[in-house]
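User: Could you take me through this model by question and answer, giving the cut-offs behind each term as you go?

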Amino acid sequence: MENDVLLQLNGICKYFPGVRALHNVDFTLRSGEIHALMGENGAGKSTLIKVLTGVYTKDEGKVRIEGKEANIKSPQDAQNVGISTVYQEIALCPNLTVAENMFIGRGKGKITNWKKMNARTTELLTSLGIPATATQQLGSCSIAVQQMVAIARAVDMECKVLILDEPTSSLDENEVAKLFKLMRDLKAKGVGIIFVTHFLDQVYEVCDRITVLRDGQLVGEYVIQDLPRVQLVSKMLGKEFDEMSDIKTVDPEAEDIKVGTPVIECTGLQSDAGIKPFDFKIWKGEVNGFTGLLGSGRSECVRSIFGADKVIAGEVKIDGKPIKIKKPLDAMKAGIGYLPEDRKLDGIVYDLSVKDNIILAYQVMKGWNHPISKAKAEEFAQKYIELLEIKTASSETPIGQLSGGNQQKCILARWLLTDPKYLILDEPTRGIDIGTKVEIQKLALKLAKEEGKSVTFISSELDEMIRTCSRLIVMRDRKVVGELNESELTQNKIMETIAGGES
Amino acid sequence: MKKFLALLVTACLAFSAFACSAKKAEDDNGLIKVGIINNDPNESGYRTANDKSMKEMFTEENGYDASFAYSLKNDEQIAYAQQFIQDEVDYLLISAAGTSGWDTVLKDAKDAGIQVILFDRTIDADDSLYVASIVSDMAKEGDTAVSWLADQGLDEYNVIHIQGVMGSAAQIGRSGALDKKVADNANWNLVTQQTAEWNADNAQQIVQSVIDSGESFNVIYAENDDMAKGAVAALDAANISHGIGGDVIVMGFDCNSWALAELLAGNWNYDGQCNPFQASYIDAIIKDLEAGKEITEKVVILEEKGFSADSITQADVDQYGI
Amino acid sequence: MTQKVSTKKSGSFLETVVALTRKQFFIPIAALTILVLFNLIMDPSFFAIKLGTNSNGDPVLSGYLITILNNASELVILAIGMTLVTSASGGQDISVGSTIAIAGSVILRILCNRPITVANMLFAFLVAAIVSMIFGAFNGVLVAYFKIQPMIATLILFTAGRSIAAWINNNTLPVINDPTFAYFGNFIPGIPVPTPFFIAAICVIIITLVLKFTTLGLYSQAVGINPSSSRLNGIDPAKVKLITYIILGLCVAVVGLIKVSRISTINYSVVAKDIEMDAILAVALGGNSLGGGKFNMASSIMGAYIIQFLTTTLFKFKVESTALPAYKAIVVIILVVLSAPVVREKMSAFWKKVTSKSAKEAA
């Protein structure tokens, strides 16, 4: 079984104008294995997946399925040879029922038999242990369940190769566990799974093999037992790498930060996004964070501080002075910056250049009748492109063409340019490569320590939070349930607080 | 927001006011009750004049109780007609937006004993369904104009023909006569024949284009006054004389007051009338019917004049200008 | 050695072509070039410009090029406003033709009872500008605050506008006989270039300055691409959309002035008829996405001149009346298809092939 080769790619090349996205890449997937495809952003993972699923056509190379050469020119072709994909962003229709989503675009020419369809769906859902009903609207399910429905759909289409592209980025740990169980079940049935993710832990938990790409080229294929984490990381980055473990030197005088008037002080703050009133303080030079499960209200809290959601109660003081924040501009003028959770939806302005994206917030603060001159804008852009090592062809490149990590750096640059005294970073590291992750974490610490800014850091990855924050505000069910100081910041303690220690 | 509401309120008021007037069920007071369905008076100067003349004719002083309804859409007009039938009008006067679809409602009217008179436009329906139809003969308008032009006795006719919206009754009628003449006579040429869609701007561009090309021409045959005005603007810019004693003969249609004034001033040469004053004809027919007379002529063609710059008087301008 | 140099040159030339095809400016420039070449081959006299006098004895320039510059003016001015509206709201205002009728009607209403003096004309224009901007704001409020699709929101005035215009003048057709009033749409004595061209040029200069000295361009693009992100950067997306509609309203007032001045009267039902479609087309021909976002003002303006160039060419070659719309449609289809991103991608791929082939041959 192990050596039963399902999918073989040889010498795949793909070029874009001015870019060599893939060069001579080989990849082998065996039946009944979970194979991690790893690499930093820009390594060529997405391109390889898109070639495989027919979104792009390859320029050179061969694809063989079960030994037969396959000519994949469209997603339909890919489906026909048994390749199914579940993307990070769900590509199903939220306004249809689960069953409809399972069968949409299939059953050519057949008359739809609703009863049969629902029965088959129910059967599938129970067999895969997915907590949803056939007639439920897909949009009413959690993201995780939607993802599982997408997988169930793929399974039902008798796919041989299942590609999971960053399926876990928006799931909490419980949901991830469920997803992994599902993946293992499929593996036992002989499906070959290609798993694309940024989470190292998850790779080591569920995968059998790892293929590493870097700069569009193959680095190598490894059996998981033979490749320690540090080695994997160093292969991905192409350099020896030992910064992961300890980027924050424990500061024995950390408690001293919390003296005097807090930079931001909120009391009984509540927004229309459904969070319970909460209190919040942050001092100069402090990095704190909101933690909790997905949907616990972390983002809603910071959004209410920034005025992104409508504030319905409570008050905010900046440096001890009360201030009314009705809209984001009020917050910006008061010296608050907010890097939003959803980079694509709330962060980047897709078609605008890197330069325009960087200067946007600063420009708005300067006012509509004081446009930043072209030269000045270019200067700002260059400064941050260098400072944050943003990888872009030029400052005029549309930001949408950059990789996720570099987009995030641009948004970061945008807020650094406004020189805020308080910076909120909501999931700044989601969906971006490890190298950039560490850079951003370091930057947050540096801003606090060297420039005396206050930073609130939110991340779904606990170890990241522990590394960067000196104080954590823990949330559960849209309510602040606890606050942990430096000395209490251990994985166990945090999980206990999140779960609710009383029970 | 307030503005939006205000507009909405105004619209509602306007509608309710119309509804009241339409439903006003007056007792028998000796007035003849007529329901008049017309096209939107804003459509053109012709229509404005037409509507004005109807309003002036069908007043209480003249013995009428008239209700008016306007629409450029056939189905809306038919709905208005049904409304008038329910209101038990004595006469239904219709200037139809479209030619078809009227059979049922006209039968209803006949069953209810309502007499139907068509004005300005004909419809595709059995002629037993209406008592009379008073219309313009667009082809005749064209004939009158072209024979006037032929009478000018030029050696050669090089005509810029500016057409209205293609396919409209006025365009077909007014183009037909000229097309025939050009086909039959060797000394009649069309320098260009294009549609300006009743639009002065487009007409100006068409004439400008001919001037720019350097071709010679001595007649501008524009199918309405607006287009003739546009054409003249192009002539003026190129210093080409026109009107009485000028190099180019300018012809228009519709007899707008300002156009007749141009004629009187000798800037233009000819303007063909499209008579919007059917009201008096209709009045005469109704009076006859009330008196119990038979209507012999089912189709009444309006008398339409053509005015020449040599003979027009201020009285003509005042009387026929619309 | 020399050979090497020359191949390198041709390679770089082809590369330049490849780069050019990807530029937004490419389509309007290419379209214009084709039209110019076509006319040059068919009849070079198309480009002749003559200095003559008009019936008042004043010097005027004439020729097809002057006709194009003259008659494209209205479209150029509208394209400016339409580009901004398209960018910020991701939709188009289809009521401009009707509101031009309103603006023109207001001007005539004010001037027909007053002596034609500079002050009165200025007054009339200002009132028309305010009225147009109010109607623009009406559209803008529906789009920005009531979140109605632009085409639906502006359908209201599209339908009602001409009736409102007629109502302003009590259904009468005012004619202004004072020649001074005709200056805006024709020639100012002593200046041989048509006034509308200057008015359009002034509008272009003003919008260039506005785009340079305000953040309107950046804001409307940002709002058009990502309203949510714009809001989180302190921009009020609704306000930006509203402003673009008000600016379009001002453009409409200027066009209204030119239109009524051209013939010194108005015809409510046909004045500026279908001009909204041409204005939208100008934006599209400029390679701007009608879905909003990024825009290039110069391309839109170029688009407006192309449409007029095409119209004048068709008039010159005396295309039959009934066939005129068909010809226009064919040309427009070709241009729009060419400017579609998919086709441009293919084209640049094709050029690439040519480049690599020639490079190979050279090797």
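Analyst: Helices (H or I, at least four residues) and strands (E, at least two) are DSSP runs, numbered from the N terminus, and the expected span of a helix is 1.5 Å times one less than its number of residues. This is a predicted model, in which local features need pLDDT of at least 70, side-chain atom pairs count only at pLDDT 80 or more, and totals for chains, interfaces and linings use all residues. Residues are numbered from 1 along each chain as its sequence is written, while chains are lettered from A and ligands numbered from 1 in the order in which they are written.

User: What distance does helix α14 of chain A reach from its first C-alpha to its last?

Analyst: This helix covers residues 404–417 of chain A, 14 residues in total. At 1.5 Å a residue a span of 20 Å is expected, and the model comes close to that value, the helix reaching 20 Å.

User: How many residues of α14(A) are buried?

Analyst: A residue is buried if 20 or more other C-beta atoms lie within 10 Å of its own, exposed if 12 or fewer, and partly exposed in between, with C-beta atoms placed from the backbone. By that criterion α14(A) is mostly covered, and the number of buried residues is 14 of 14.

User: Which strands stand at the edges of the open six-stranded sheet in chain A?

Analyst: Two strands pair if DSSP finds at least two bridges between them. The sheet has mixed pairing and the order β16-β17-β18-β13-β19-β20. Each edge strand has a single partner, so one of its sides is left without a neighbour in the sheet; these strands are β16 (336–339) and β20 (479–485) of chain A.

User: At about what angle does helix α15 of chain A run to β18(A)?

Analyst: Axes are lines fitted to C-alpha atoms, for helices over the stretch in contact (C-beta atoms, placed from the backbone, within 7 Å), and angles run from 0 to 180 degrees between N-to-C directions. Helix α15 (residues 434–451) lies across β13 (287–292), β17 and β18 of chain A, and its angle to β18(A) is about 160°.

User: Which helix of chain C has the lowest mean pLDDT among the elements of that chain?

Analyst: pLDDT is the predictor's confidence in each residue, from 0 to 100, and chain C averages 88. Helix α4 (residues 73–89) of chain C has the highest mean, 97, whereas the lowest, 55, belongs to helix α1 (residues 2–22) of chain C.

Key:
Two residues are in contact if their C-beta atoms, placed from the backbone, lie within 7 Å.
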